[in-house]
Amino acid sequence: MSYTTVQNVAGMFPAFVRGTPQQKPADTLIQQYIDDVAGDIDAVLQRRFGEVIRNSYSGSLAAFQTSFSVDALNVLERINRYGAGAQLGSTLATLGVASAERLAQDFRSEYDRGLTELSATNDQGESVAGGIYDHLFDSQAATPSPRPGLQGIAGGDQPKGQTPEDQGMSNFFGKFQKL
């Protein structure tokens, strides 16, 4: 399953004209670029979310894909479009379109960044604890929160005898608590 279209990829190059007999490269080749990148994306999804696919979708990647939200599909479309755009730009550069080479480099770096974030790896290819897109594909993924992980009361601003439990907190020790 591809996540973008030939029209979206070709649209990344405003001077590229489609639909003429002398169009180079042909739409079929652009579709091949899209399918190549989609294969990379699917491999990352299967590796990264294999547990979810096995447990919730009977091991079917296709069933997993049908459950994607609009946000998840938008992320995958962008990664697919930039990856295919990088390949198209490289091809156009060999055909003499000078500006396409610079665009292809930009698209390649954006594709690499997106695939790395989807894969939850760092710049060296090492796995990290969680990726920024995990919550879009796994409902049980940990979602980072801007709220502090630890809460406390300084103590000096507490009335004598007040405990963390009085404040609805679960701290084991409080300033005036006796054990």
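Student: Which residues does L45 touch, not counting residues up to four places away in sequence?

Tutor: Leaving out the residues up to four places away, L45 touches Y3, G50, I53, F68, L76, L118 and F137, where a contact means heavy atoms within 4.5 Å. This is a predicted model, in which local features need pLDDT of at least 70 and side-chain atom pairs count only at pLDDT 80 or more, while totals for chains, interfaces and linings use all residues. Residues are numbered from 1 along each chain as its sequence is written, and side-chain values use heavy atoms, with hydrogens and water left out.

Student: What makes the 21 residues around I41 and L45 the largest nonpolar core?

Tutor: A nonpolar core is a set of buried Ala, Val, Leu, Ile, Met, Phe, Trp, Tyr and Cys residues joined through side-chain atoms within 4.5 Å, and the largest such set here has 21 residues, with the most contacts inside it made by I41, L45, F64, F68, L76, L118 and F137. Two or more of its residues come from each of α2 (27–48), α3 (50–56), α4 (61–66), α5 (70–94) and α6 (98–119), and α2 gives the largest share, five residues. Another core, of 15 residues, lies apart from it and includes V9, I30, L92 and A100.

Student: How many helices and strands does the protein have?

Tutor: Seven helices and zero strands, so that the elements run α-α-α-α-α-α-α from the N terminus on, if one takes helices (H or I, at least four residues) and strands (E, at least two) as DSSP runs numbered from the N terminus. Of the contacts in the protein with a separation of 6 or more, 60% are accounted for by residues 24 or more positions apart.

Student: Why is the pair of F68 and F137 called edge-to-face?

Tutor: Rings of Phe, Tyr and Trp (its six-membered ring) pair if their centres lie within 6.5 Å, and planes under 30 degrees apart count as stacked, over 60 as edge-to-face and the rest as tilted. A search of the whole structure finds seven aromatic pairs. In the one formed by F68 and F137 the centres are 5.2 Å apart and the planes stand at 85 degrees, so the pair is edge-to-face. F68 lies in the loop between α4 and α5 and F137 in helix α7, so the pair ties together parts that are 69 residues apart in sequence. Both F68 and F137 are buried. Y82 and F107 also form an edge-to-face pair, at 5.5 Å centre to centre with 70 degrees between the planes, and this pair links helix α5, which holds Y82, with helix α6, which holds F107, across 25 residues. One aromatic cluster is formed by F49, Y57, F64, F68 and F137.

Student: Why is F107 called buried?

Tutor: Buried means under 20% relative accessible area, exposed over 50%, partly exposed in between (1.4 Å probe, protein chains only), and F107, with a relative accessible area of 8%, is therefore buried. Of the 179 residues in the protein, buried residues make up 36%.

Student: What is the relative accessibility at which S58 counts as exposed?

Tutor: It is 72%, so S58 counts as exposed. S58, in the loop between α3 and α4, has a positive phi of about 50 degrees although it is not a glycine. A120 likewise has a positive phi, near 55 degrees, in a residue other than glycine; A120 is found in the loop between α6 and α7, but with a relative accessible area of 3% A120 is buried.

Student: How do you know that the bond that joins K24 and P25 is cis?

Tutor: Its omega is about -5 degrees, and the peptide bond is recorded as cis; P25 lies in the loop between α1 (6–10) and α2.

Student: Which residues lie nearest the centre of the largest pocket?

Tutor: They are E51, V52, D138, S139 and Q140, out of 16 lining residues. α3 and α7 (134–137) each give two or more residues to that lining, the largest share, five residues, coming from α3. On a 1 Å grid over the protein atoms alone, a cavity is a set of points where a 1.4 Å probe fits but cannot get out, and a pocket is an open set with protein on both sides within 12 Å along at least five of seven lines; lining residues have an atom within 4 Å of a point. The volume of the largest pocket is about 350 Å³, a volume being the space filled by probe spheres set on the points, which are joined across faces, edges and corners.
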